[in-house]
Amino acid sequence: MPYQELLDEIVSKSEIIFQEDLTGIYLHGSLAMGCFNPKKSDIDFILVIRNNITDMQKLQFMEHIAAWNKKAPSKGIELSIVKEEYCRDFLYPTPFELHFSNAHLQWFMEDPTDYVQKMNGTDKDLAAHFKNIKEYGIVLQGKAINDVFADVPRKDFIDSIWSDVKGAREGILEEPVYVILNLCRAAAFLKDGSNLSKKQGGEWALQNLPAQYHAFISNAVQSYALGTEMDFGYLGKMETQKFAEYMLQMIKDGKSCKNV
């Protein structure tokens, strides 16, 4: 597996820091789903704990994360620490004890104490992450997935993926490949219940969406596979946003019909 040495180091240090409070570490995202690209993907995992952890433990862990992030792909590491009780008896939005991604690196580097004290709360994204762990996840350390994670209710998963794509009209201009493929995988779930990777979502869209969008989607799939920037070709800003609007309406329609 790519970055196996880094993953082994994450497991080793986590065991030392959290000791008997560590339930397990679970890989999800593109590494677990078999579509990892170091130019476009990050390393995603959930660390599950049994009991409360201290700010000192969080600080020690985050110091290692900041160092590991330099060894990770360009998109870095994304993780959450969650109590086992919220994995086993699912609560939505799901509480978390600590979160990190590249977007938060500067905050941690500038004020580590403030970061570990304030970076907690609830996160709707965790519902989607938990479902992906149930279907595709890899145990890096600890208990078996089915012994830790309950099924995510359909309505909560739908709300989770909607919260991720609802800003697509603006986001598609900033991160076109990510947004296009996420719209496709959201539509696929609402259409036929398939929980797909970004790559699979694009492939599904080529089989199920109108032909007028196929060149656009193929471009995104190819860019994701090769790790290149997307070439919009003849499609300008207006046409790109029209695609986002079309997809959002499709997802809204599916959400209202099936979010029960």
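Which side chains meet in a salt bridge at 4.0 Å, N to O? The side chains of Lys40 and Glu229 form this contact, where a salt bridge denotes a side-chain nitrogen of Lys or Arg within 4 Å of a carboxyl oxygen of Asp or Glu. Lys40 lies in the loop between helix H2 (30–33) and S2, and Glu229 in the loop between helix H12 (214–226) and helix H13 (237–258), so the pair ties together parts that are 189 residues apart in sequence. Lys40 counts as buried at 18% relative accessibility, whereas Glu229 counts as exposed at 68%. These classes are defined by relative accessible area: buried means under 20%, exposed over 50%, and partly exposed in between (1.4 Å probe, protein chains only).

The structure is a predicted model in which local features need pLDDT of at least 70 and side-chain atom pairs count only at pLDDT 80 or more, while totals for chains, interfaces and linings use all residues. Residues are numbered from 1 along each chain as its sequence is written, and side-chain values use heavy atoms, with hydrogens and water left out. Helices (H or I, at least four residues) and strands (E, at least two) are DSSP runs, numbered from the N terminus.

An open sheet of 5 strands shows mixed pairing and the order S5-S3-S2-S1-S7; two strands pair if DSSP finds at least two bridges between them. Strand S5 (98–100) and strand S7 (138–142) are the edge strands, each pairing on one side only. On average, neighbouring strands of this sheet are turned by 15° against each other, direction ignored. Axes are lines fitted to C-alpha atoms, for helices over the stretch in contact, and angles run from 0 to 180 degrees between N-to-C directions. Strand S1 (residues 22–28) pairs with S7 in the antiparallel sense over 4 bridges. Within this pairing, Val139 of S7 is the bridge partner of Tyr26.

Helix H1 (residues 4–18) lies across S1, strand S2 (43–49), strand S3 (77–83) and S7, and runs at about 160° to S1. H1 also packs with H3, at an angle of about 170° and with the axes 10 Å apart. The two helices are therefore roughly antiparallel to each other, given that angles under 35 degrees count as roughly parallel, over 145 as roughly antiparallel, 65 to 115 as roughly perpendicular and the rest as oblique. On the H1 side, the residues that meet H3 are Leu6, Glu9, Ile10, Lys13, Ser14, Ile17 and Phe18. Their counterparts in H3 are Gln57, Gln60, Phe61, His64, Trp68 and Lys71, contact being defined as heavy atoms within 4.5 Å. The residues of this contact divide into 6 nonpolar, 4 polar and 3 charged. In this classification Ala, Val, Leu, Ile, Met, Phe, Trp, Tyr, Cys and Pro count as nonpolar, Asp, Glu, Lys and Arg as charged, and the others, Gly among them, as polar.

Glu9 and Lys71 also meet through their side chains in a salt bridge (3.3 Å, N to O). Glu9 lies in helix H1 and Lys71 in helix H3 (residues 55–71), so the pair ties together parts that are 62 residues apart in sequence. Both residues are partly exposed, Glu9 with a relative accessible area of 27% and Lys71 with one of 48%.

A search of the whole structure finds 13 salt bridges. Among them is the pair formed by the side chains of Glu245 and Arg169 (2.4 Å, N to O). Glu245 lies in helix H13 and Arg169 in helix H9 (residues 168–174), so this pair ties together parts that are 76 residues apart in sequence. Glu245 is partly exposed, with a relative accessible area of 35%, and Arg169 is likewise partly exposed at 34%.

Some backbone features complete the description. Most residues other than glycine have a negative phi, and most peptide bonds are trans. A cis peptide bond joins Tyr92 and Pro93, with omega about -10°; Pro93 is placed in the loop between helix H4 (84–88) and strand S4 (94–96). Tyr3, although not a glycine, has a positive phi of about 65°. Tyr3 lies in the segment before H1 and is partly exposed at 27% relative accessibility. Gln19 is not a glycine either and has a positive phi of about 50°. Gln19 lies in the loop between H1 and S1 and counts as exposed at 53% relative accessibility.
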